[in-house]
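Colleague: Good morning. Could you show me the model, so that I may ask about it piece by piece?

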Amino acid sequence: MPEESDVLIIGGGAAGLMCALTAGARGRSVTLLEHNDRVGKKIAISGGGRCNFTNLGASPENYLSDNPDFCRSALARYTPADFIRLVEKHGIAYHEKKLGQLFCNTSAKEIINMLLAECARSRVRLSLETRVCEIRKSDRFEVLTNLGTFCAPSLVMACGGLSLPKLGATDLAYRIARQFGLRQIPARAGLVPLTLSGEWLGHCRALAGVSLEARVTYEKRTFQENILFTHRGLSGPAILQISSHWNPGEPLSINLLPGRSVPEVLGDPTLRELQLDNALGRVLPSRLAALWGSQLGPLRKLKQYNPPELARLGAMVNDWSPVPEGTEGYATAEVTVGGIDTRDLNQKTMEARSVPGLFFIGEAVDVTGWLGGYNFQWAWASGHAAGGVV
Ligand code: FDA
């Protein structure tokens with residue numbers, strides 16, 4: 001016999017759990033299907049294990065989408081303050097790390113336990129290790145799985161994007177969108193380290209482990225935060241941020257000394273007798289100063305360099321322009337950029353315009369947040385929007 005409920009949700013991540021507890025609290029009977037043996041695996045490892053669960057400043061401007069206004073309604077109706085209220089109700093201690101980013105003091109597991117407790121209170125039925133084989137629609141949705149058939153008049157696809165397959169990411173949301181005729185914005189890895197090749201890679205390898213604050217610009221987008229040189233290329237918050245905007249084959253502009261110019265720094269007369277790397281090392285990490293200085297030939301005293309040489313060095317520091325080869329891909333990407341085309345969804349409810357009863361929420365949708373708690377805020381807000389109407 002098929003199992004009946006009012007609402008079926010596929011995917012027990014941030015968006016699916018929020019949708020489930022919201023619908024359950026309205027008295028709807030909810031069944032959540034998750035193919036992993038536990039829910040919330042991504043929440044557990046997020047924010048270095050402390051879950052950056054929201055951002056105090058979250059607004060539509062912090063999201064990428066082909067249809068930038070789509071996220072406005074859901075974000076306005078479920079705000080960071082709403083989620084903070086829930087966190088405080090459960091006595092979870094948290095702090096602001098920087099730039100409005102809120103983290104648990106102790107562990108991301110507290111967020112999972114909070115969501116599970118709310119789901120239990122709303123009598124949400126969790127069906128774990130449930131693998132979806134097929135979805136059919138008649139007067140209701142029928143989801144055929146390894147554990148039998150589940151039926152409901154409302155079906156919410158909350159099974160995320162493609163990032164981190166090892167934690168259970170699949171393309172099910174995209175396949176179901178295709179099956180029901182919804183359009184998609186091509187998916188790509190976002191919030192992901194960039195890979196370099198050739199001489200640029202040689203420089204990154206030589207500097208692997210060095211981290212510094214930099215201003216990274218691509219087209220009209222600039223992020224000023226730390227960057228990290230790695231054995232494969234570049235990482236760190238500013239690089240992850242720009243990766244969501246970057247198009248392959250295009251150069252970045254990286255100012256390794258934001259707010260100061262090399263001629264200004266090296267124009268200090270007290271530095272003239274120092275070897276170039278030591279002078280530059282006053283304002284840059286020493287390994288970077290030595291490598292960049294040695295690009296002008298054997299290291300000499302600062303006073304022995306002529307103005308064109310120092311101008312060249314200035315360009316390498318204030319406007320380093322590597323052309324990344326690619327990204328590290330979905331294996332390390334924190335998010336998937338692109339997804340279900342929001343033009344085919346109702347912005348207030350997340351329901352497919354052409355398929356009544358079918359909803360898409362969370363990362364599966366073409367709404368991608370910046371680094372810093374914005375992605376969870378979208379998961380909560382879109383989950384809440386659908387949970388309020390299913
Ligand atoms: P999510 O991917 O969380 O959940 C989808 C669920 O569906 C999973 O449980 C999956 O197993 C399940 N599923 C998939 N296919 C299925 C199928 N075929 N059948 C059944 N179930 C299926 N964001 C942020 O705001 N702050 C942060 O600190 C971080 N940190 C962070 C760290 C790392 C390492 C990553 C990879 C990502 C982050 N993020 C983040 C991003 C954030 O985790 C992400 O945006 C949300 O988890 C998206 O929530 P969803 O519920 O949409 O998808």
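Colleague: How do the residues of the shell around the ligand divide into nonpolar, polar and charged?
Modeller: The shell has 12 nonpolar, 14 polar and 4 charged residues. Here Ala, Val, Leu, Ile, Met, Phe, Trp, Tyr, Cys and Pro count as nonpolar, Asp, Glu, Lys and Arg as charged, and the others, Gly among them, as polar. This is a predicted model in which local features need pLDDT of at least 70 and side-chain atom pairs pLDDT 80 or more, while totals for chains, interfaces and linings use all residues. Residues are numbered from 1 along each chain, and side-chain values use heavy atoms, without hydrogens or water.

Colleague: How many residues surround the ligand, and which are the closest?
Modeller: There are 30 residues around the ligand, and Glu34, Asn52, Thr170, Glu363 and Phe376 are the closest.

Colleague: Which backbone atom lies 2.9 Å from a nitrogen atom of the ligand?
Modeller: A backbone N or O atom of Asn52 does. A polar backbone atom of Phe376 is 2.8 Å from an oxygen atom of the ligand, and one of Asn375 is 3.3 Å from a ligand oxygen atom. Taken alone, the ligand exposes 1000 Å², of which the protein buries 93%. Such areas come from the Shrake-Rupley method with a 1.4 Å probe; for residues, only the protein chains shown count as cover.

Colleague: Turning to the whole protein, how many helices and strands are there?
Modeller: The protein has 13 helices and 22 strands. Its C-alpha trace spans about 85 × 40 × 35 Å along the principal axes. Of its 390 residues, 55% are buried, meaning under 20% relative accessible area, with exposed over 50% and partly exposed in between.

Colleague: Which residues touch the most other members of the largest nonpolar core?
Modeller: Ile111, Ile227, Phe229, Leu256 and Trp292 do, in a core of 123 residues. A nonpolar core joins buried Ala, Val, Leu, Ile, Met, Phe, Trp, Tyr and Cys residues through side-chain atoms within 4.5 Å.

Colleague: Which residues of helix 6 are buried?
Modeller: In helix 6 (residues 172-179), these are Leu172, Ala173, Tyr174, Ile176 and Ala177. Their cover includes strand 2 (7-10), strand 9 (132-137), strand 12 and strand 13 (184-190). Gly181, with a positive phi near 80°, follows helix 6.

Colleague: Where does Leu191 lie?
Modeller: Leu191 is in the loop between strand 13 and strand 14 (194-195). Its phi is near 45°, a positive value in a residue other than glycine. Leu191 is buried, with a relative accessible area of 1%.

Colleague: What is the phi of Met350?
Modeller: The phi of Met350 is positive, near 70°. Met350 sits in the loop between strand 20 and strand 21, and is buried at a relative accessible area of 0%.

Methods:
A residue is near a molecule or strand if one of its heavy atoms lies within 4 Å of it. A polar contact is a pair of N or O atoms within 3.5 Å; within protein, one must be able to donate a hydrogen and the other to accept it, and residues adjacent in sequence count only if both atoms are side-chain atoms. Buried means under 20% relative accessible area, exposed over 50%, partly exposed in between (1.4 Å probe, protein chains only). Helices (H or I, at least four residues) and strands (E, at least two) are DSSP runs, numbered from the N terminus. Contact means heavy atoms within 4.5 Å.
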